[in-house]
Amino acid sequence: MIQRETSARMRESTINPFAGPVRTCIGCRRRELAVELLRLVAVDSANGSGNRSSAVTVDAARKLPGRGAWLHPDPGCLQAAIRRRAFGRALRITGSPDITAVSEHLLPQEQPEAPGQENR
Ligand SMILES: [Zn+2]
């Protein structure tokens, strides 16, 4: 029962295990208190197009049934989750889900000034 390896690398996010349940952000894969994360759930978007596609929505009230995924309220984590297709895996959906609701929740409505984008 030796638990010494985590102490150093958990430094920047100090998690008090007594503060509540801990979940893993699907974007950066860091463990975080659930209260600090957004709960995302997949809903069927029945738009009559024949194809059953899923949309991901923010479960702000944390009351929606079904499988949830957790994400920091951070556009960077959203981008990471998109890149690694974490939504499909975490929410057990196929294809690329519609995450418009999530981006709108995270990104400010007004046009953000792009702070010097780096091209790599
Ligand atoms: Zn994250």
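Predicted model: local features only at pLDDT ≥ 70, side-chain atom pairs only at ≥ 80, totals over all residues.

Visitor: Why is Arg29 called exposed?

Guide: Arg29 has 12 C-beta neighbours inside 10 Å. The label exposed applies at 12 or fewer, so Arg29 counts as exposed. Arg29 sits in the loop between β1 (22–24) and β2 (31–33).

Visitor: What makes the phi of Arg29 worth a remark?

Guide: Most residues other than glycine have a negative phi. Arg29 is not a glycine, yet its phi is positive, about 65 degrees.

Visitor: Where is Arg85 found, and what is its phi?

Guide: Arg85 lies in the loop between α2 (75–83) and α3 (86–91). Arg85 is not a glycine either, and its phi is positive at about 50 degrees.

Visitor: How do you know whether Arg85 is buried or exposed?

Guide: By the count of C-beta neighbours inside 10 Å, which is 12 for Arg85. A buried residue needs 20 or more, and an exposed one has 12 or fewer. Arg85 therefore counts as exposed.

Visitor: How do you know that β3 and β4 pair?

Guide: Pairing takes at least two bridges. Strand β3 and strand β4 (residues 53–58) have 6, in the antiparallel sense. Within this pairing, Val43 stands opposite Ala55 of β4.

Visitor: What makes β3 and β5 a pair?

Guide: Again the requirement is at least two bridges. Here 4 bridges join β3 (residues 38–45) to β5 (residues 68–71), and the two strands run antiparallel. Arg39 has Trp70 as its bridge partner in β5.

Definitions and conventions: Residues numbered from 1 in each chain as written.
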